[in-house]
Amino acid sequence: MGRPGSLALEPLWSEAALALGQAERRVTARLARVLSEEDCNVVRWRTIVFLADGARHPMSALIDVALLPSPRLTRLVDDMVADNLVYRTADPRDRRRVLVGLTSRGRSLHRRLVARLEVEQEAIEAEIDADDLVQLTGILGDVIARLR
């Protein structure tokens, strides 16, 4: 490990963090180009995908999906409500909780983008060995579970 009191990471951790960040940025950039054709961004897309199951979900469940702190998530949902992509309602069992659901316009956007993103996903998968992707997904799942 680095010196006591030092913020420096060991070279292996630095390389792993850098590689994860670069891979995420490259994949996200490719998806963002497709999403932008429908005036959507990656954070909105993550939210739409999560809500596409047809259920209403509490705002607190969206924090992990959108990867945003609570105040920015509220702004995101406000903007998506203004664009008629999602709606908010009070939870009938707990009036203090806010539930968010996808509107018909949001479902329509989801369907259009799924079709467009499948093409880009196939292109990405053609560049990455499927076994490597399966292995990477498993390893990352383990890392995420251990770092909670």
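A hairpin of two residues connects strand β2 to strand β3. The model is a predicted one, in which local features need pLDDT of at least 70 and side-chain atom pairs count only at pLDDT 80 or more, while totals for chains, interfaces and linings use all residues. Residues are numbered from 1 along each chain as its sequence is written, and side-chain values use heavy atoms, with hydrogens and water left out. Helices (H or I, at least four residues) and strands (E, at least two) are DSSP runs, numbered from the N terminus.

Strand β2 covers residues 86-91 and strand β3 residues 94-102; the two run antiparallel and are joined by six bridges. Two strands are said to pair if DSSP finds at least two bridges between them. Along this pairing, Tyr 87 has Gly 101 of β3 as its bridge partner, and Asp 91 stands opposite Asp 94 in β3. The strands belong to an open sheet of three, with the order β1-β3-β2 and antiparallel pairing. Its edge strands are β1 (57-58) and β2, each of which pairs on one side only. Helix α4 packs on this sheet and touches β2 and β3, its direction making about 120° with that of β2. Here contact means heavy atoms within 4.5 Å. Axes are lines fitted to C-alpha atoms, for helices over the stretch in contact, and angles run from 0 to 180 degrees between N-to-C directions.

Beyond the end of β3, Thr 103 is found in the loop between β3 and α5. Its contacts are Asn 84, Leu 85, Val 86 and Tyr 87, leaving aside residues up to four places away in sequence. Thr 103 has a relative accessible area of 10% and therefore counts as buried. The classes are buried for under 20% relative accessible area, exposed for over 50%, and partly exposed in between (1.4 Å probe, protein chains only).

Charged side chains come next. Side chains of opposite charge can pair when their charged atoms come close. A salt bridge is taken as a side-chain nitrogen of Lys or Arg within 4 Å of a carboxyl oxygen of Asp or Glu, and by this rule there are eleven salt bridges. One of them links Asp 78 and Arg 88, with the closest N and O atoms 2.5 Å apart. This pair joins distant parts of the chain, since Asp 78 is in helix α4 (residues 70-82) and Arg 88 in strand β2, ten residues apart. Asp 78 is partly exposed at 35% relative accessibility, and Arg 88 is partly exposed at 36%.

Arg 93 pairs with Asp 91, the closest N and O atoms being 3.9 Å apart. Asp 91 is buried at 3% relative accessibility, whereas Arg 93 is exposed at 78%. Asp 94 pairs with Arg 96, with the closest N and O atoms 3.0 Å apart. Arg 96 is exposed at 74% relative accessibility, and Asp 94 is partly exposed at 21%. Elsewhere, salt bridges with shared partners join Glu 37, Glu 38, Arg 112 and Arg 116 into one network.

The helices remain. Two packed helices are described by the angle between their axes and the distance between the axes. Angles under 35 degrees count as roughly parallel, over 145 as roughly antiparallel, 65 to 115 as roughly perpendicular and the rest as oblique. Helix α2 (residues 42-51) packs against helix α3 (residues 59-66) at an angle of about 130°, with the axes 9 Å apart, so α2 is oblique to α3. The residues in contact are Val 43, Arg 46, Thr 47, Phe 50 and Leu 51 of α2 with Ala 61, Leu 62, Val 65 and Ala 66 of α3.

Helix α2 also meets helix α5 (residues 104-127), where the axes come within 10 Å and cross at roughly 110°; α2 is therefore roughly perpendicular to α5. From α2, this contact uses Trp 45, Ile 48 and Val 49, and from α5 it uses Gly 106, Leu 109, His 110, Leu 113, Val 114 and Leu 117.

With α4, the axis of α2 comes within 11 Å and crosses at roughly 80°, so these helices too are roughly perpendicular. Val 43, Arg 44, Thr 47 and Ile 48 in α2 meet Leu 76, Asp 79 and Met 80 in α4. Arg 75 also lies in helix α4 and is partly exposed, with a relative accessible area of 49%.
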